[in-house]
There are 2 protein chains.
Amino acid sequence: MADTILFWGSGSVPCWRPMLVLEEKGVKYDSRLISFGNKEHKGPDVMKYNPRGQVPTFVDGDIVVNESLAICNYLEYKYSDQGNKLLPTDVKERALVLQRQYEALNLNKKGIEDIIYKHMRNSPDLQDEEKMKASIQALSDELALWEGYLQTSGGYIAGKGFTMADVMFFPYVAFFVRMGLQLNKYPNIKNYYDNLVTRPSVKATWPPHWAESAGKEWLKDA
Amino acid sequence: MADTILFWGSGSVPCWRPMLVLEEKGVKYDSRLISFGNKEHKGPDVMKYNPRGQVPTFVDGDIVVNESLAICNYLEYKYSDQGNKLLPTDVKERALVLQRQYEALNLNKKGIEDIIYKHMRNSPDLQDEEKMKASIQALSDELALWEGYLQTSGGYIAGKGFTMADVMFFPYVAFFVRMGLQLNKYPNIKNYYDNLVTRPSVKATWPPHWAESAGKEWLKDA
């Protein structure tokens, strides 16, 4: 297994995606946890395979794939008959999974870029109360859409089973909870979250440092 | 054909992607050009299918898919044996196509968000000469990476044939040229561009308003 290697950082949403797929597919790999604090993603071990100096960085023999969505799709294709199938074969079911999978990137913009990063980087925008209030409202509106999807989707975000759409959606929810999101305002998302945290692939990939330190309250009003 | 509908805006990079795939696959569709100037993407025809009020919006019978990458992947899957194959079956070749396909999104950040949008929206950042110079340099560095990929890739961005990676990469190049990028600094990208502009799928989907008005010079120093 030594030639299948994933470099990842704890708590990184993009890193969590391929880790979930590797678990769902039952693929053994050499797990290399890097420290963002020590800037190991810019160190020689990662840079050797990924000149952008980012994680996830994934090596599979003589194949290198570094974009998280590319890794996920690569693994689903290579291991299409192994473990859990994450892209349905039915055209209509697959259409919904694809739609939700990419639509989830709206959560990146509205939750992480527009709010969480601003706190992490102590952005001057934090002093602009109106602007931050509008950002929180935009995130609430976005989450309300997903709350609605879960009302009718059948338990998972794009149907009755765990798919690539959950691989994209769940890490955002978990990260937002860590950042203070109160799920009691979103009962369908709460049920979804409570169900997913017990899933073996999720438990096996839970960010290790989350157990050691408290989160933030940056999203408590969303 | 009336039940396969694409709503799109002229010059939109995300809209161009599924249009290229539809042409490459030889899929006939009802083409609905909307006007951004008249805010038709927020009008009832689009909103009926896409509450986010964005294009592309794609309807295929009772299936609706609105995220550009989701539409592309949906079409490649549904029409896998029709027209040109955009995702190779070979695992290693496919890995490279997937990697470049998602890696191309760096051009969105470095070219469109950090430079072009700032001009379009007359951002205060335009007064910060150092900041804009750094952004131009970051785009040049990014383009240099792609110039390098084309040195060895075999003519297209991820191999010897046109793939989903070109569907992602080419519209950025064409848009950047429209926005003033001088390709003489990037001879491999220039050869690539000169080759692709004659491709039938590209000619058939060229943004119509580009023929009617001049572009900008915002990227002339990149």
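**Chains and domains**

Analyst: The copies meet through the same surface, because 97% of the interface residues of chain B are also interface residues in chain A. Contact here means heavy atoms within 4.5 Å. This is a predicted model, where local features need pLDDT of at least 70 and side-chain atom pairs count only at pLDDT 80 or more, while totals for chains, interfaces and linings use all residues. Residues are numbered from 1 along each chain as its sequence is written, chains are lettered from A and ligands numbered from 1 in the order in which they are written, and side-chain values use heavy atoms, with hydrogens and water left out.

User: What rotation superposes chain B on chain A?

Analyst: A rotation of 180 degrees with 0.0 Å of shift along its axis, and the RMSD is 0.0 Å. The two copies are thus related as by a two-fold rotation axis.

User: How many residues does the contact take from chain B and chain A?

Analyst: Chain B gives 29 residues and chain A gives 28. About 2500 Å² is buried between the two chains, 60% of it on carbon and sulfur atoms. Arg52(B), Tyr77(B) and Tyr102(B) supply 28% of the area that chain B buries against chain A, more than any other three residues. Buried area is the accessible area (1.4 Å probe) that two parts lose on being put together, summed over both.

User: How many salt bridges are there across the interface of chain B and chain A?

Analyst: The rule finds 6 there, with a salt bridge being a side-chain nitrogen of Lys or Arg within 4 Å of a carboxyl oxygen of Asp or Glu. Glu103(B) forms a salt bridge with Arg52(A), and their closest N and O atoms are 2.9 Å apart. Over all chains, the structure holds 28 salt bridges.

User: And how many residue pairs are in polar contact between chain B and chain A?

Analyst: The count is 15, both residues being at pLDDT 80 or more. Strand 4 (63-65), helix 3 (68-78), helix 4 (91-103), helix 5 (105-120) and helix 6 (129-152) of chain B each give two or more residues to the side that touches chain A. Helix 4 of chain B has the largest share of that side, 8 residues. By class, the side of chain B that touches chain A has 14 nonpolar, 5 polar and 10 charged residues.

User: Cut-offs for those terms, please.

Analyst: A polar contact is a pair of N or O atoms within 3.5 Å; within protein, one must be able to donate a hydrogen and the other to accept it, and residues adjacent in sequence count only if both atoms are side-chain atoms. Helices (H or I, at least four residues) and strands (E, at least two) are DSSP runs, numbered from the N terminus. Ala, Val, Leu, Ile, Met, Phe, Trp, Tyr, Cys and Pro count as nonpolar, Asp, Glu, Lys and Arg as charged, and the others, Gly among them, as polar.

User: Now inside one chain. What domains does the assignment give for chain A?

Analyst: Domain 1 (4-78) and domain 2 (91-211), with bounds from an automatic or database domain assignment. Their centres, taken over C-alpha atoms, are 21 Å apart in chain A. In chain A, 16 residues of domain 1 are in contact with 24 residues of domain 2. The two domains of chain A bury about 1700 Å² between them, 74% of it on carbon and sulfur atoms.

User: Which side chains meet in a salt bridge at 2.7 Å?

Analyst: Those of Glu24(A) and Arg199(A), N to O. The pair links distant parts of the chain, 175 residues apart: Arg199(A) is in the loop between helix 8 (187-196) and helix 9 (200-205) of chain A, and Glu24(A) is in helix 1 of chain A.

User: Last topic, the backbone. Which peptide bonds are cis?

Analyst: The bond from Val55(A) to Pro56(A) is cis, with omega near 5 degrees. In chain B, the bond from Val55(B) to Pro56(B) is cis, with omega near 5 degrees. Pro56(A) is found in the loop between helix 2 (44-47) and strand 3 (57-60) of chain A.

User: What is phi of Asn122(A)?

Analyst: Near 50 degrees, a positive value in a residue other than glycine. Asn122(A) lies in the loop between helix 5 (105-120) and helix 6 (129-153) of chain A.

Key:
Copies are superposed by least squares on the C-alpha atoms of residues with pLDDT of at least 70 in both.
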